[in-house]
Amino acid sequence: MTNAYDVAHFLAGMMLVCSFTLLYQDRILAVLNTFAVQAIMLSLAVAWQGYVRNAPDLFITAAMAFGLKGIIIPVALNRMVEKLGIKRGVDQVVNVGVAMFLGLGLTSLALLLVLKVTPGAASFTREGLALALAIILLGLLQMILRRNAVTQIVGFMSIENGLILAATGARGMPLVVEVSVAFSVLIALFVFAVFLFRIRERFDSVDVESLDKVRAARAHR
Amino acid sequence: MPATIQSFVAQGAQMFFVLAIAPAVTGITRKVKARLMRRRGPSIFQPYRDLLKLVRKDSVLAPNATWFFRSAPYMIFAFTWVAAALVPTLASGLMFNWAADVVALVALIGAARALLALAAMDAGTAFGGIGSSREMMIASLAEPASLLVALTIAFAAGTTRLPEVAQFLIAQPLEIRVSFALAFVALVIVALAENARIPVDNPATHLELTMVHEAMVLEYSGRHLAMIEAAGHLKLTLYISLIICLFLPFGMAPFDGTAGAWAIGIGSYLAKLGLAAVALGVWEVSIAKMRVFRVSEFLGGAFTFAFLAILLEFLSREVQR
């Protein structure tokens, strides 16, 4: 079983590394590619769990993660970026070093917390939960630290990657829930897309700081 | 005591072996770079000839340079050589076994770097000052990362002594260890920064305002420069050996091994060293130098990787217990 654990650990660890890369990268296309890699790692991790535990429904989850988040969403976001004509770097609110330190702090926190809370659980579950919590927190951090709406969307999607990882670690969620979550993510993408184009139309930029200005102006009125 | 004598001879042989082979490593890297740029490039033995030429030449000193400026190259060379002697290359379990500690290694290299930075400021030129300040900035970012890598390894192997780490890893069955992969990436980044290679510094330039290492040694000539260059070659070999010892120690002979084991040790070490030199050349050709201000992000990445390596090692240990 150690071998099975090693592979699972490797795949989940690579997902965490992808989360850090998402925080580190300041080129928008590279962010999208990293997100695709993370989703592919997720699908591999889920498929591996399915193989180890002999649970064929997990293969469906893996296939959905691969198809939706590994291919469709990155390609759609890529097109969106092209249409919006944003080629320049992503604006971070703080510099990369601070972002990395915050990320490391959150990761340590997540690992220590989950290890403390789940002393009796199986090793797969603890591992999956710990890394998933770290990935979720990093996704939230990314949404906070980015000004650009597209990379915020990527942050949101990577939170969802973390959730699927957590669900897989904890004996998987029912397939119905799985499918509905996957489709709600897809719908979220459409909503985001509509919003993006609206924001762009209004402010000539996808920098969400311009929204703050509007709010400030309304408050003054 | 024959065992002591044998270990003494083995340690001495390894020390001089590393010293003798170091310039060739630089030579191979330069040759690979030149060939990839469709130049013929100098022979891989050119660094030896350069050193010989420099030793024979007179050395020119700035009028206001102090004794420190003159003695620093020898001290730098000595520190680097001792550090290089500590890393187990051909065989593990040599005479300096008890001292071959990763933390000691980092300290030795740090001392050599501090001496170089001070010496660079001694002559009082602007370039030396710029070089020193940049070198210190890079060092302050690279050293935490290298210590974290050392800690990761120590965490897994239960010791910071290099020979024991190597033996531990050789005894270990082959398995996927994501924490080691991350530590490996971090150490490679640190090694690139410490040895003033692309993308942190360009070792082939003398005229850019962005240079770091070359700016510090600009005032040196003759035998002093020869010492510093030799120390540079040694440092590159030292870092490659360190990476080999920590991550690919397979084939290393135990010191009381048979002649066959030693032959395998020498052969595999030379093969790995050569491969690393070629890989370095390919890497340097395929990437551009970074702006100085981006170096902190690059090395921050190394720090992050090293930290993640520790976290993942900790996690897998806690979970599997």
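From the N terminus on, chain A of this predicted model is built from elements that run α-α-α-α-α-α-α-α. Eight helices and zero strands are assigned to chain A. The C-alpha atoms of chain A fill a box of roughly 60 × 30 × 30 Å along the principal axes. Chain A has a radius of gyration of 18 Å, which agrees with the value near 17 Å that a compact globule of 221 residues would have.

Chain B contains 11 helices and two strands. Along the sequence, the elements of chain B follow the pattern α-α-α-β-α-α-α-α-α-α-β-α-α. For 321 residues the globule rule gives 20 Å, and the radius of gyration of chain B is 20 Å, so chain B is as compact as a globular protein of that length. The C-alpha trace of chain B spans about 60 × 45 × 40 Å along its principal axes. The mean pLDDT of chain B is 88, with 96% of its residues at 70 or more. For the complex, the predictor gives an ipTM of 0.84 and a pTM of 0.89.

The contact between the chains takes 23 residues from chain A and 18 residues from chain B. On the side of chain B that touches chain A, the elements giving two or more residues are α7 (178-194) and α11 (295-320) of chain B. The largest share of this side, 14 residues, comes from α11(B). By class, the side of chain B that touches chain A has nine nonpolar, six polar and three charged residues.

Two packed helices are described by the angle between their axes and the distance between the axes. Within chain A, helix α4 (residues 96-117) and helix α5 (residues 123-145) have axes that come within 8 Å and cross at roughly 150°. An angle over 145 degrees counts as roughly antiparallel, and this makes α4(A) roughly antiparallel to α5(A). The crossing in which α4(A) passes α5(A) is right-handed. On the α4(A) side the contact is made by Ala99(A), Leu102(A), Gly103(A), Leu106(A), Thr107(A), Ala110(A), Leu111(A), Val114(A) and Leu115(A). The residues of α5(A) in this contact include Arg126(A), Leu129(A), Ala130(A), Leu133(A) and Leu145(A). The contact of α4(A) with α5(A) has 15 nonpolar, two polar and one charged residues.

In chain B, helix α3 (residues 67-86) packs with helix α4 (residues 102-122) and with helix α9 (residues 222-247). The axes of α3(B) and α4(B) come within 9 Å and cross at roughly 165°, and the two helices are therefore roughly antiparallel to each other. A left-handed crossing takes α3(B) past α4(B). From α3(B), Phe68(B), Phe69(B), Ala72(B), Met75(B), Ile76(B), Phe79(B), Thr80(B), Val82(B), Ala83(B) and Leu86(B) take part in this contact. They meet residues of α4(B), among them Ala104(B), Leu105(B), Leu108(B), Ile109(B), Leu115(B) and Asp122(B). The residues of the contact of α3(B) with α4(B) divide into 19 nonpolar, one polar and one charged.

The axes of α3(B) and α9(B) are 9 Å apart, at an angle of about 20°. These two helices are therefore roughly parallel to each other. Here too α3(B) makes a left-handed crossing, passing α9(B). The α3(B) residues that meet α9(B) are Arg70(B), Pro73(B), Tyr74(B), Ile76(B), Phe77(B), Thr80(B), Trp81(B), Ala83(B) and Ala84(B). Residues of α9(B) in this contact include His224(B), Met227(B), Ile228(B), Leu234(B), Lys235(B) and Leu238(B). The contact of α3(B) with α9(B) divides into 13 nonpolar, three polar and two charged residues. Ile76(B), Thr80(B) and Ala83(B) are listed both in the contact with α9(B) and in the contact with α4(B).

Two points of backbone geometry concern loops. Most residues other than glycine have a negative phi, and most peptide bonds are trans. Asn54(A) has a positive phi of about 60° although it is not a glycine. Asn54(A) is placed in the loop between α2 (28-53) and α3 (57-84) of chain A. In chain B, the peptide bond from Ile198(B) to Pro199(B) is cis, with omega near 10°. Pro199(B) is in the loop between α7 and α8 (213-216) of chain B.

Technical notes:
Residues numbered from 1 in each chain as written. Chains lettered and ligands numbered in written order. Predicted model: local features only at pLDDT ≥ 70, side-chain atom pairs only at ≥ 80, totals over all residues. Axes fitted to C-alpha atoms, helices over the stretch in contact; angles between N-to-C directions. Helix = DSSP H or I, 4+ residues; strand = E, 2+ residues; numbered from the N terminus. Parallel < 35°, antiparallel > 145°, perpendicular 65-115°, else oblique. Left-handed = near helix turned anticlockwise from the far one by under 90°. Contact = placed C-beta atoms within 7 Å. Nonpolar A, V, L, I, M, F, W, Y, C, P; charged D, E, K, R; others polar. pLDDT = per-residue confidence, 0-100. Rg over C-alpha atoms; globule rule 2.2 N^0.38 Å.
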